[in-house]
Amino acid sequence: MIEELRNKARELLKTKQVEAVIGYQRASDGLSAIPCVIRSEEEAGRLIWDAACVYNLCGYLKDFRAKKLGIVAKACDVRAMIVLISENQLNRDDVFIIGMECCGVVDEKRARVSGRDGSDISSADKCKSCASCVPLAYDCLIKEKREKAKVSEDADKDKYEPVRKLEAKSLSEKSKSWKDEFKRCIRCYACRQVCPMCYCPRCVADQFMPVWFSKAGGIEGNFSWNVARAMHLAGRCIDCGECERACPVGIPLRDINRKIEKDIKELFGYEAGMKTDAKPFLACFDKNDPEDFIK
Amino acid sequence: MINPRTQELKNSRAESWEPKIAAFLCNWCSYAGADLAGTSRREYPPNIRIIRLPCSGRVNPLFVLKCLMDGADGVLIAGCHTGDCHYSEGNYYARRRFAILKKLFEFLGIDPRRFQMAWVSASEGDKWVKVVKELVEEIKKAGPILAKS
Ligand code: SF4
Ligand code: SF4
Ligand code: FES
């Protein structure tokens with residue numbers, strides 16, 4: 001698989017189909033993967049592919065706008081690109097998607113604690129509920145040979161089970177537990193920086209006229225920030241899990257994202273990044289959208 | 001946890017608390033509806049602070065958040081009935097957006113009574129009065145927002 005990937009990159013660069021290939025290379029610890037940009041054929045040997053390739057690389061695409069690029073992408077990464085294309089942030093013709101069949105990536109945080117020997121490392125939570133190992137769109141597909149790429153066993157279980165459990169708690173319990181979570185937020189905005197969908201040149205969190213929410217680390221500002229972040233991703237988040245992975249204080253941001261994802265799916269039958277021709281969720285409507293909450 | 005300014009507000013309000021409610025009304029229907037209630041001398045509780053906007057589609061979820069975090073006990077958004085929006089479809093967009101926000105608030109432990117929406121047309125002065133009366137009652141039951149934080 002890796003050789004196939006490297007050869008593909010060489011070919012693309014040689015025939016000048018792309019100016020560079022964004023992919024993964026081995027980190028200096030010899031185990032993890034880090035992003036890399038390959039600009040010449042000789043460098044292509046640096047590319048790797050395995051379960052350590054956790055990150056969503058789509059965020060880098062915006063740094064190279066209007067250049068023809070190759071990108072190594074898993075199924076979830078491709079969903080992010082589909083959303084970016086539907087929002088006119090990315091031109092489909094500008095990217096060459098090297099789709100990777102994926103059996104799931106590791107849970108980085110847990111792997112770091114247990115030490116990696118490559119055998120029984122649990123896969124990331126996002127992979128447990130992922131329904132497809134093959135990307136929805138690609139220009140070439142690199143197949144998994146190691147073992148038969150399989151859809152995770154849990155995929156058809158109710159993937160919103162954890163969200164439902166949280167919903168079932170009483171209002172005061174919910175209020176208390178989220179306050180305890182948000183209290184710890186240090187407003188580093190790592191969740192925003194890492195998100196492939198957060199491309200605004202000037203985030204509302206950085207605006208001064210008006211100041212939408214306090215920049216001091218109080219509960220009110222933190223609460224507003226987290227609600228604003230989640231709302232700005234409503235119908236756009238593709239559950240790549242990067243925000244939760246990046247959060248240094250471990251706020252369960254995916255619980256919030258998935259709550260919104262679930263409501264949108266149940267109320268409006270919409271899923272972000274699942275159809276290449278769908279309009280952005282909040283930029284369209286249906287005359288029969290539910291309105292039983294309105295007087 | 002609470003900033004000093006809001007703490008001050010909280011103390012001053014402790015004895016004779018009356019809810020403060022921010023209401024975003026679209027210019028073409030709901031504002032005219034509220035105006036009609038006024039010109040027809042209908043009485044309703046004075047707890048509401050009306051902010052006039054061109055359309056319910058103009059309401060940004062950040063407006064709602066800012067109100068609630070800066071001490072409003074409740075927020076109301078009112079617009080034209082669907083199909084009647086002056087800009088044809090503004091309220092359809094608003095409806096989608098706030099269906100999600102309302103559910104998210106509840107998920108995060110904010111009393112869903114604190115955030116409500118209503119369609120009020122220019123001829124529905126009576127409906128406006130009813131909506132406000134009910135809303136104020138409900139927010140009174142929900143209590144001051146700061147006591148909850
Ligand atoms: S909000 Fe988080 S999970 Fe969703 S797209 Fe952004 S980084 Fe990925
Ligand atoms: S990454 Fe975590 S701590 Fe940093 S701003 Fe986001 S939620 Fe807060
Ligand atoms: S003008 Fe009244 S809702 Fe759009």
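Tutor: Start with a definition: a salt bridge is a side-chain nitrogen of Lys or Arg within 4 Å of a carboxyl oxygen of Asp or Glu. Keep in mind that the model is predicted.

Student: What makes A:Lys8 and A:Glu11 a salt bridge?

Tutor: Their side chains meet at 3.5 Å, N to O. The cut-off is within 4 Å, so the pair counts. Both residues lie in helix H1 (residues 2–14) of chain A. They are 3 residues apart, about one turn of the helix.

Student: Why is A:Lys8 called buried?

Tutor: Its relative accessibility is 19%. Buried means under 20%, so A:Lys8 counts as buried.

Student: Why is A:Glu11 called partly exposed?

Tutor: A:Glu11 has a relative accessible area of 37%.

Student: Are A:Lys74 and A:Asp77 buried or exposed?

Tutor: A:Lys74 has a relative accessible area of 1%. A:Asp77 also has 1%. Buried means under 20%, so both are buried.

Student: What makes A:Glu87 and A:Arg236 a salt bridge?

Tutor: The side chains meet at 2.7 Å, N to O. The limit is within 4 Å, so they qualify. This pair links distant parts of the chain, 149 residues apart. A:Glu87 is in the loop between helix H2 (75–86) and strand S5 (95–100) of chain A. A:Arg236 is in the loop between H8 and helix H9 (242–246) of chain A. Both A:Glu87 and A:Arg236 are buried.

Student: Which residues do salt bridges with shared partners join into one network?

Tutor: They are A:Arg164, A:Glu167, A:Lys259, A:Lys262, A:Asp263 and A:Glu266. Over all chains, the count comes to 33 salt bridges.

Student: Now the nonpolar side. Which residues have the most contacts inside the largest nonpolar core?

Tutor: They are A:Val227, B:Val64, B:Phe98, B:Phe105 and B:Leu108, in a core of 62 residues. Helix H4 (residues 90–107) of chain B gives the largest share, 8 residues. Among the residues A:Val227 touches are B:Leu65, B:Leu101 and B:Leu104.

Student: Which residues are closest to ligand 2?

Tutor: The closest are A:Cys185, A:Cys188, A:Tyr189, A:Cys191 and A:Cys247, and 13 residues surround the ligand. The shell divides into 11 nonpolar, 1 polar and 1 charged.

Note on methods:
Residues are numbered from 1 along each chain as its sequence is written. Chains are lettered from A and ligands numbered from 1 in the order in which they are written. This is a predicted model: local features need pLDDT of at least 70, side-chain atom pairs count only at pLDDT 80 or more; totals for chains, interfaces and linings use all residues. Side-chain values use heavy atoms; hydrogens and water are left out. A nonpolar core is a set of buried Ala, Val, Leu, Ile, Met, Phe, Trp, Tyr and Cys residues joined through side-chain atoms within 4.5 Å. Buried means under 20% relative accessible area, exposed over 50%, partly exposed in between (1.4 Å probe, protein chains only). Helices (H or I, at least four residues) and strands (E, at least two) are DSSP runs, numbered from the N terminus. Contact means heavy atoms within 4.5 Å. A residue is near a molecule or strand if one of its heavy atoms lies within 4 Å of it. Ala, Val, Leu, Ile, Met, Phe, Trp, Tyr, Cys and Pro count as nonpolar, Asp, Glu, Lys and Arg as charged, and the others, Gly among them, as polar. Lists of a residue's contacts leave out its neighbours within four places in sequence.
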